[in-house]
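Open the model in your viewer and keep the selection tool ready.

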Amino acid sequence: MKLSIEVAIVSAFFIVALYLGPAAMLNHTVNHPFPYAYLASDAFQHQVRADAIKETGNFKYETDYISLGLTGVEGRYPPGLYHLAVLFGNTAGIPVYDAIVFLVYFFAVISMLIMFFVIKHFNSTVAILSLPCSMLIFSFPPIVGFLWGHWPSLLGQVFLIGFIWVLINNQIKYQFIFLALFLASIIITHTSEAIFAVLLLGSVFLYEVMQKGFSLGRIVNMSSGVVIAFIITSYFLIIFNGTWLTAQSYSFHVMPIWEGNPGFYLTGFGLLLVIFALGMISSLTKMKDMPLPPVIGFIMLLIGFTNLIGFNFRAFQIRFFWPLYLSIFFGLGIYMILKLLVRKWGMLHNIIAFFLFMILLSGIISVPILAQAKTHLVPSVPTLYKSSSPGIMNQYHWDMLQWLSMNTEKSAKVYFFYGDLYSQDALLRNAKRVHAQVDVGDFIESLQNRTIRRYYLTEVPGDSGGMLGKRESMFRFNDAMSELPKDYPYGRKDICLYNYFVFDKVSGQQALAQYNLLIAQDLLKNTATKAVYQNEVAVIIKNGLVGGDCIAERPI
Amino acid sequence: MLKDQFDVIKKEMLIVGIVVIVLAAAVKIAFYNEPLMDSLRISLSLVWLFLLPGYCLLLFWRAQLAIIERIIIGFLLAAGIEALTSYYLGIGGVNVNIHHFVLPLALITIGLAAYFFGSSTKSDSRQM
């Protein structure tokens, strides 16, 4: 009876979490006419790469429109999420841009259920009471991880929770197989989380040694898991080592605040911190024989602070899942408090407390005193983020980008003039053509000088993170950027060298849109140049004089 | 022995079926703007890609893990293995666009093979 009630609670939680988290963010639909709820460039970066893998059929190389027009650049980004997005998109018959975002949210909910089983090893009641807290990964600011496209890190952490589940199940037959598979999954999804996984494994091992003494069997089991994981991911790890680790090696650096990002700090738990503190203190009182789930909670808390020892924003990414890693302390704290009120705790109390906290933390009902706390900037109770937004993209820009990807020659080069959206430049890769965009500062200066020019300061946007490595030998990669002129990615460029121009017709700063249209009109003075596509917000012009004198410089 | 093993699967299929129904209901309730058939296709895609392969792979561990726990952890395990093998198959020249047929099928086969030929005769499973 007790067990089936547990299953019912887990099922109810799954439905509610899916409804209030992922579905609410995605406007309660999976299929969208354009990338939905993408709030930053990084989200497009991942979507485009997954799309490119679908197009090319593999991730041997990064496509040219992602890597600044260069070909033969080794696919170096951890590919796990992209492949899953293609698999799911193909099976469900939905676009990759919907599949990728759905999977990240969906597996985040699955990870809550796995964490339930982790905590259940410690105590069933605490596991149930922890569930509402885990939903807070969909509160602000942790939700930023989803909306701004930290997707590989988030999915990597979902696998990390799988890895934690394996650590807890240390009696399971052939445990090293699970360790290897989950560690390998982390490595190919977001490799930096693998470093945290190994740190976690080492800490758990040390704790076990302190608790039970040294066991050769354990060390063989754990190290076999790690060795197998490294072997099965060795092909990717060689690329990772030759690119990411070469370009972004570890250096000690204290980064207390995540500049430019709404990072999550412990104070973000607000009033719930009292409950967390109680749970932590209660765990610490049994320090001598503390079970593994709270030990892991403490380790994940500390890993979230590794921004102070050089792990920079990677530590802040771990904090997106703090509500999940630390949920055990919430459950334990609540249990401690409620035990004071109810002496004989039973399943009915469990159910009531579970639903009460689900309601409180979901923010379905606004509790006046808590709402007041929010306005008066005193600690409040975090609740789920409830505003669904289409994000940066809109139907018109999406249609324009789709037109470029389907109607222009594969070798065409596209030049984007000013657009409000284009500062999030990864979205431009949806044109699926090598592209460049005007430097906004130079564009404004040119407008202020009242001139129409042929040469503008231009950026060739692309993903050069972790080095654009071309393979020289099995273990050696050459930075392809070194082959290019220094001013290639950013410098004064002749717009006449491009095949297509994109002009936005509307802007938050209408003067910039009008200047766009003035340039477009001057280009169209040449009879060989034609407007080939336009909608309410953008116009695409085909350059009829590529390499020639496509526009006359003049004052306006 | 083989009959006992089949019986275990038969018994568990009922629970797997209930989980599939709960999953389909959850997807439809949460994503209520999605037409019913599309919602069903999305749920069945999750079942085909992750639930069934994960469940089959973990059949070997049925005596140690409760079925619900196996199904949930199986989701993640299947996802991890598929991501990894899809990457390597792609590099090896097998186009990624056929992996959604091939990979789940392969994992289901491997899982069942490990269960029928690799596990002990014990037919009892842990219940949640």
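For residue classes, Ala, Val, Leu, Ile, Met, Phe, Trp, Tyr, Cys and Pro count as nonpolar, Asp, Glu, Lys and Arg as charged, and the others, Gly among them, as polar. This is a predicted model, where local features need pLDDT of at least 70, side-chain atom pairs count only at pLDDT 80 or more, and totals for chains, interfaces and linings use all residues. Residues are numbered from 1 along each chain as its sequence is written, chains are lettered from A and ligands numbered from 1 in the order written, and side-chain values use heavy atoms, without hydrogens and water.

**Stop 1: the cavities**

On a 1 Å grid over the protein atoms alone, a cavity is a set of points where a 1.4 Å probe fits but cannot get out; lining residues have an atom within 4 Å of a point. Grid points are joined across faces, edges and corners, and a volume is the space filled by probe spheres set on the points. The whole structure holds two cavities of 30 Å³ or more.

Select A:Met115, A:Val118, A:Ile119, A:Ile164, A:Pro293, A:Ile296, A:Gly297, A:Met300, A:Tyr325 and A:Ile328: they line the largest cavity. Its volume is about 50 Å³. Helices here are DSSP runs (H or I, at least four residues), numbered from the N terminus. H14(A) gives the most to this lining, with four residues. The lining has nine nonpolar, one polar and no charged residues.

Now the second largest cavity, at about 30 Å³. Its lining includes A:Met112, A:Phe116, A:Ser130 and A:Leu324. H4 and helix H5 (124-134) of chain A each give two or more residues to it. The classes are seven nonpolar, three polar and no charged.

**Stop 2: the largest pocket**

A pocket is an open set with protein on both sides within 12 Å along at least five of seven lines. The largest one holds about 850 Å³. Select A:Ser192, A:Trp244, A:Gln248, A:Phe313 and A:Arg314, the closest to its centre of the 37 lining residues. By class, the lining has 14 nonpolar, 18 polar and five charged residues.

**Stop 3: a helix pair**

Select residues 41-56 (H2) and 80-92 (H3) of chain A; these helices pack at about 65°, axes 9 Å apart. Axes are lines fitted to C-alpha atoms over the stretch in contact, and angles run from 0 to 180 degrees between N-to-C directions. H2(A) is therefore roughly perpendicular to H3(A) (65 to 115 degrees).

Terms used:
Angles under 35 degrees count as roughly parallel, over 145 as roughly antiparallel, 65 to 115 as roughly perpendicular and the rest as oblique.
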